[in-house]
Amino acid sequence: MAAPMESMIEKLLNNSFQKYAVQRSGDLQLQSFVKVIETNKLLLKRDDEGSNDIVGYIHQCLNNSKQRYEGLILLGVLVKQSSTAIFQKNAVTWLKLLLNILQSHCPPPVHQACCKLLSQVIDHSDSFSDVSREVTSTFIPQLLPLLLTCEPGCLSAALTCVSMCIRKYPGPVGPFKAKLQTLVEQKLANGKNYEELYECFALLASCGSGGNLGIKHTEAWSELAEGVLASLHETLSCMYSDVDMGSGSSCTGKPLAGLPPIDFSHNDRVVALFKRWCSLTKCMQALLREDFNAVARVPADDILNIIFHCLSVNTNMLMSRPTSERSLLASFSQDVHIHALYLLQQLITLCGRNLIPQGVMIVSVLTQELSWSHSEGDGHDQHYGCLREVVFETLTVWIKALDACSSVKSGETTLVKEIIHDCLPYTYTLKMTSGLSTGSKTDKMTSGQGSRKGHKGKGYHEISQGISTQRKSQPLANHSLVKAALEALYWMLTTSGWEFSQKSLQSVQEFVIRSLLALHQAPLGSLPAPYADPSCRRGLYRVLSACVTSTHANVPPPVQVALGLFSAGLRDKHADVSSYCMEAMRLCEVLIHHRVPCLKGPVVCENLIQISGQNDQEPIVSHVINKSGNQAHISLETKNGYSDASSEFTRNEEAIAGRTAGNITYNGGFSEREIRKEKGKE
Amino acid sequence: MIGVPKFNMAAPIEVLITSDVSGQLWNSCIWDLNSGASLSCYKGDATNHRSLCILGGQYLLGASCTKPLINVWALQRREQHQLKMICAGKVNSLTVTHDGTYCVAAVAENIHIWQVCTGNLLVVLTRHYQAVNVIRFTDNGSHFVSGGEDNLVMVWPLASVLTCIHNPSVKPEPLRIWSSHSLPVTDVHVGRGGAQSRVVSSSLDQTCKIWDIVSGDLLQTILFPGSVLSVTMDAAELRVFAGSSSGHVYCVHLYGQPIKFERHVEDQDPEGVICYKGHSKQVTCLCVSMDGSKLVSGSHDSSVKIWDIFSGQCIRTLPHKGHVTNTVIVPTPQAVLDPAVKPTLPLQSFKRHLVSERRDDTGADSRVLSLRIPSSLGREQKFEENLFDNQDGSVEMGTSEASKEELKRLKVINRELYTFAVDNILNKQVT
């Protein structure tokens, strides 16, 4: 099997190479030739002889100033696919050729490609002792001065190459460390903003020899971290000089030498400070992210203090007594916070459970962010949508890193409230006055008694009558925010759902069940915003499955309702959503068909989740709390066309009676005892 | 010949670590569970009951039997004693979180918690009023369970315990206090499921009790003919194993018969219970292999026995020189297989006093975390994608557009210069 395949590929290669390079017939242009090689992997596993021609041709191209770019492209493909033998034999030649190109005068794209290619070759070179010896002794000392003085147009590519040199050959790069640091800091000071710069900055710590157990690297890392921290402090105190309440934490370190302070005489001061803040936080993120071969001494407390300090000043605070500078700062405030949160995410990713002692603080800061950026939805993107999205992302990162140690319990009430607020499907009944809402209620009471099917969705239709239906709608408004919020909710439930308060957990269950029912009943093609987006729908189903699987001492999981909802979800038009429902159905199936008998029965159901299909109006989910024989009916006020968790409790003796009139009752758990008890009453 | 992915076929999937009270041959030894061969051993001192654990897959920690010490060995350096950490008192039980971030030790009636990467003693819990016998973490490290001489079993949430260090006025409280045992608690086993797991506790009052952490309920009580000194469950929690003072090990099928709140196990009663007879003295430690097929028991008769759970046969006996204090089954750590691997986990010596001030005597910040930054993923992919931004070879074309512009501009300048020269300079010379 293998032999014919090989010979076939050889023929293909020879043929296309002949067409392309030798005959230059024009049948095969460079682009197509590269494409052919890439898709068919023609150079893969070629032995030495097999690709001699093409290697020769590439060398010829690289030597010829007119064909350099072509040569680089071909070499790129060859490096990717070449066998060990070919690489070992030619690596030094390639490095020399590439160095020549760098030394010569070429248009920036050629230099860029050359740098990128160099980093690839260097990446592979350290596996071969003879090649790496050559690189260490002669190549790097020649290459680095070139890279450091290259034209601004291809600096990012050059820095990629420098980073690769530091990763693979930290020792030989050592002598250039000071120059490199000056260059990087200079670019940072000029507000240059690209990832390679930050990466290179972080790798500065690994330059030179490490000493015993990498102690020198550790020291260099600490020095860099201290410098960035001090500069962050400086920037922040400058930025908040107008509003600071004197809480500014002190910092003993020395700011980075290459970054001159931005004082009051600076043009565009606030903008410059904002840019400085962004690039410094990114430097710190890079320090916390880039792999480092020694032990890093991470000043986690100090970094957290800076982040907390940054988040302590918000737009509302700034605009409560606005001055021109404060207003300007306020307009950047959201982005400043977002960058601080990104830094927090990176810190959490690195430190993980070592941050448990600071857990309550971190959660409270995140809930605080949600509280001040709270705004009423109107079917369009929210004011602080981006910020809230990042907050939810950070929360997710936090919970994933700490599992059940995440202390989300401490901010649970606010978090649940804010998430539900953000995720409620938007319907146009929001602006209704109370008078209208009572009207709609009576509507509901009197409207037809016909078949369920005929009346599906009619509730919404009727409610929105009388309000102008001409609206500029945004069917995907806030979809990324909702997705992030649902993800955070899912992880909260999965890791800490068992310690939630009864009220919070019930409100989550109610929200998710009602939302899904609303989605099922909405007319096709006009799903309430933002659930036209499949990932949001999927997120909602995920939350439902988390509700089903989380165990709680008092709240039964809504298994019965969930089975119905998931099977309805199987009919979703989008494969992602329906396939997830299949997954969830399997899960529910395991729950209802126990594999082993149970030591502990399911939570005895004192709370029935009752879904009333009465009058075929919008569904009402209500909890019948059945304690000492009293039936309390939580009536759900219409808001957003929806229930509010904090709705009043109205005693409703007819809750049970209503159910006998042909309504569907789902009981949340499996309590037969409860059902028997109720039957007895009836 | 088709290439086969390389595995170290000889490497065991799991290894057994044991220790005895004499420490004559070694302090602790790593065995191949299948063959009974000794893979490596660690010398010096002897390790106390329930205080042998592996930190981050790289270090072996064992608390001394007699002295207030925790001994540390890097797993790949066998003979050599690495580090001795001095504690406030003799350690009765020692455990670490699965990721090696925190270490918890019972010293008399107190529970000490250290952060491994700083060595800081974060908190000392004083809630038991007699000596704590055993501490175990849940499998996700979010809670730990302690059982003591005072007949109490307590569940501590790590998060709220550690949060209290910033607020000394708040005294950390356990999540659950279970007080149904009437005599000292001897052993505790925590099942799977993180904070939602079940806990089995054994006691001198001849019972094992199964608890639910979420609700705090007592689910089942199993009464044995003698005091129970050790207890464990298989991973799927189908069976409970109890080591008794008589030397018998009882295997109780939890679901073998109708579930009762209270079960009485007697020596004569074979239904749903298997009794493994072989040890001559009390059985003090038990553990089950990953696949739930083998049980390992350690006893005061100076032997460790490996049993086949289903048949009740003793497969192998490993002789020891004193009371066996620990039997632990772990997935084979890489360092045991490959001595060239260096420990990367930054381990600091545990401090004896509570961390209070930010700066210690040397001026260094004691709260700074010593961490390894793991190599970042996705970097490789990133630059493969954007090797060439424009792959159509049109670089000459692209620049020629620009150069045409430039050429045009230069031509214009040239012409202007020419006309200027002609008009002004040449004409002047003529005149």
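Across the interface of chain B and chain A of this predicted model, nine residue pairs are in polar contact, both residues of each pair being at pLDDT 80 or more. A polar contact is a pair of N or O atoms within 3.5 Å; within protein, one must be able to donate a hydrogen and the other to accept it, and residues adjacent in sequence count only if both atoms are side-chain atoms. Elements of chain B that each supply at least two residues of the side touching chain A are helix H1 (158-163), strand E18 (207-212), strand E19 (218-223), strand E30 (369-373), helix H3 (379-385) and helix H4 (395-430); helices (H or I, at least four residues) and strands (E, at least two) are DSSP runs, numbered from the N terminus. By class, this side of chain B has 26 nonpolar, 20 polar and 15 charged residues, where Ala, Val, Leu, Ile, Met, Phe, Trp, Tyr, Cys and Pro count as nonpolar, Asp, Glu, Lys and Arg as charged, and the others, Gly among them, as polar.

The contact (heavy atoms within 4.5 Å) takes 61 residues from chain B and 63 residues from chain A. The size of an interface is often given as the accessible area lost when the parts come together. Between chain B and chain A, the buried area is about 5,300 Å², and carbon and sulfur atoms give 60% of it; buried area is the accessible area (1.4 Å probe) that two parts lose on being put together, summed over both. One salt bridge is counted between the two chains, a salt bridge being a side-chain nitrogen of Lys or Arg within 4 Å of a carboxyl oxygen of Asp or Glu. It joins the side chains of B:Asp99 and A:Arg353, at 3.5 Å from N to O. Strand E1 (residues 292-298) of chain A also pairs with E30(B), antiparallel and over four bridges; two strands pair if DSSP finds at least two bridges between them. In this pairing, A:Phe292 stands opposite B:Ile373.

Within chain B, strand E9 (residues 102-107) is largely enclosed by the rest of the structure, because six of its six residues are buried. Buried means under 20% relative accessible area, exposed over 50%, and partly exposed in between (1.4 Å probe, protein chains only). In a regular strand the side chains alternate between the two faces of the sheet. On E9(B), one side carries B:Tyr102, B:Val104 and B:Ala106 and the other B:Cys103, B:Ala105 and B:Val107, all buried. Strand E8 (residues 91-96) of chain B runs antiparallel to E9(B), joined by five bridges, and B:Val96 has B:Cys103 as its bridge partner. The hairpin of E8(B) and E9(B) has five residues between the strands, with B:Gly100 in the turn at a positive phi of about 75 degrees. On to strand E10 (residues 110-115) of chain B, E9(B) is joined by six antiparallel bridges. These two strands form a hairpin with two residues between them.

Chain A contains 28 helices and five strands, and 54% of its 682 residues count as buried. A:Arg537, in helix H24 (residues 534-549) of chain A, is buried, with a relative accessible area of 8%. Its side chain reaches the backbone oxygen of A:Tyr531 at 2.8 Å.

Residues are numbered from 1 along each chain as its sequence is written, and chains are lettered from A and ligands numbered from 1 in the order in which they are written. Local features need pLDDT of at least 70, side-chain atom pairs count only at pLDDT 80 or more, and totals for chains, interfaces and linings use all residues, while side-chain values use heavy atoms, with hydrogens and water left out.
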